[in-house]
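Good morning. I will go through one structure today, looking at side chains and what they meet. Please have the sequence and the model open.

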Amino acid sequence: MSSCATQKIVIRKAEEKDVPAIYQILAVFAEQRLLLPRPQMDILLQIDTFHVACVDGEVAGCAALRDYGNELYEVRSLAVAEKFQNMRLASKLVTGQMNLLAGKKARLFALTYRDNFFRNLGFRIVEKTLFPEKIWSDCERCPKKDHCDEIAVLMELA
């Protein structure tokens with residue numbers, strides 16, 4: 001039996017006490033320029049948009065769901081700590097977000113370097129220009145704004 005099989009995995013709403021762990025997980029990917037950095041205060045202010053994946057009680061990954069209005073939602077700040085990768089935690093986090101939107105007409109998108117991951121969940125590649133709300137709010141302060149190399153993916157939910 002693999003060690004993964006004996007580990008307890010829980011996906012839950014993030015709480016204020018999770019902010020330092022979320023920050024640490026995101027900081028690793030921000031240093032690699034794979035995610036935008038998120039200050040702890042920003043995470044705290046947006047904590048109600050986050051879910052965390054816990055393995056044996058330890059915060060192992062996170063994802064936030066941003067609501068732009070007009071049935072447009074974004075998967076953001078999706079990251080899993082290195083020692084917990086290959087446990088399908090990212091898939092569980094995104095699937096959880098999709099379940100939150102179940103029964104709603106919604107467009108769920110992400111900007112990513114891992115388009116295959118999202119395509120395996122049923123997303124399709126689209127043009128970033130479909131999301132001017134994202135460009136106005138986040139892309140303006142991104143160091144890559146004039147040469148963005150992320151791929152936009154979208155899933156339309158009924």
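**Side chains and their partners**

Glu 15 is partly exposed, because its relative accessible area is 37%. On that scale, buried means under 20% relative accessible area, exposed means over 50%, and partly exposed is in between, with a 1.4 Å probe and protein chains only.

Before I continue, a word on the source. This is a predicted model, in which local features need pLDDT of at least 70 and side-chain atom pairs count only at pLDDT 80 or more, while totals for chains, interfaces and linings use all residues. Residues are numbered from 1 along each chain as its sequence is written, and side-chain values use heavy atoms, with hydrogens and water left out.

Back to Glu 15. Which residue forms a salt bridge with Glu 15? The partner is Lys 17, and the closest N and O atoms are 3.5 Å apart. A salt bridge here is a side-chain nitrogen of Lys or Arg within 4 Å of a carboxyl oxygen of Asp or Glu. Lys 17 has a relative accessibility of 63%, so Lys 17 counts as exposed.

How many salt bridges does a search of the whole structure find? The search finds eight. Another one of them joins the side chains of Lys 83 and Glu 58, at 3.3 Å from N to O. Lys 83 sits in the loop between strand S4 (72–80) and helix H4 (89–100), and Glu 58 is in strand S3, so this pair ties together parts that are 25 residues apart in sequence. Helices (H or I, at least four residues) and strands (E, at least two) are DSSP runs, numbered from the N terminus. Lys 83 counts as exposed at 60% relative accessibility, whereas Glu 58 is partly exposed at 37%.

Next, Glu 156 and Arg 124, whose side chains meet in a salt bridge of 2.5 Å, N to O. This pair links distant parts of the chain: Glu 156 belongs to strand S7 (residues 151–157) and Arg 124 to strand S6 (residues 124–126), 32 residues apart. Glu 156 counts as exposed, with 51% relative accessibility, and Arg 124 as partly exposed, with 43%. There is also a network: salt bridges that share partners join Arg 12, Glu 15, Lys 17 and Asp 18.

Now the aromatic rings. The structure holds four aromatic pairs. Rings of Phe, Tyr and Trp (its six-membered ring) pair if their centres lie within 6.5 Å; planes under 30 degrees apart count as stacked, over 60 as edge-to-face, and the rest as tilted. One of the pairs is Tyr 68 with Phe 109: the ring centres are 5.9 Å apart and the planes are at 35°, so the pair is tilted. Tyr 68 is in strand S3 (residues 58–69) and Phe 109 in strand S5 (residues 106–112), so the pair ties together parts 41 residues apart in sequence. Both Tyr 68 and Phe 109 are buried.

For Phe 118 and Phe 123, the centres are 5.1 Å apart and the planes at 80°, so that pair is edge-to-face. Phe 118 is buried at 4% relative accessible area, and Phe 123 is buried at 4% as well. Tyr 68 and Phe 109 also form one aromatic cluster with Phe 131.

Last, His 51, in strand S2 (residues 50–55). Is His 51 buried or exposed? His 51 is buried, because its relative accessible area is 14%. Leaving aside neighbours within four places in sequence, His 51 is in contact (heavy atoms within 4.5 Å) with residues including Arg 12, Cys 62 and Leu 100.
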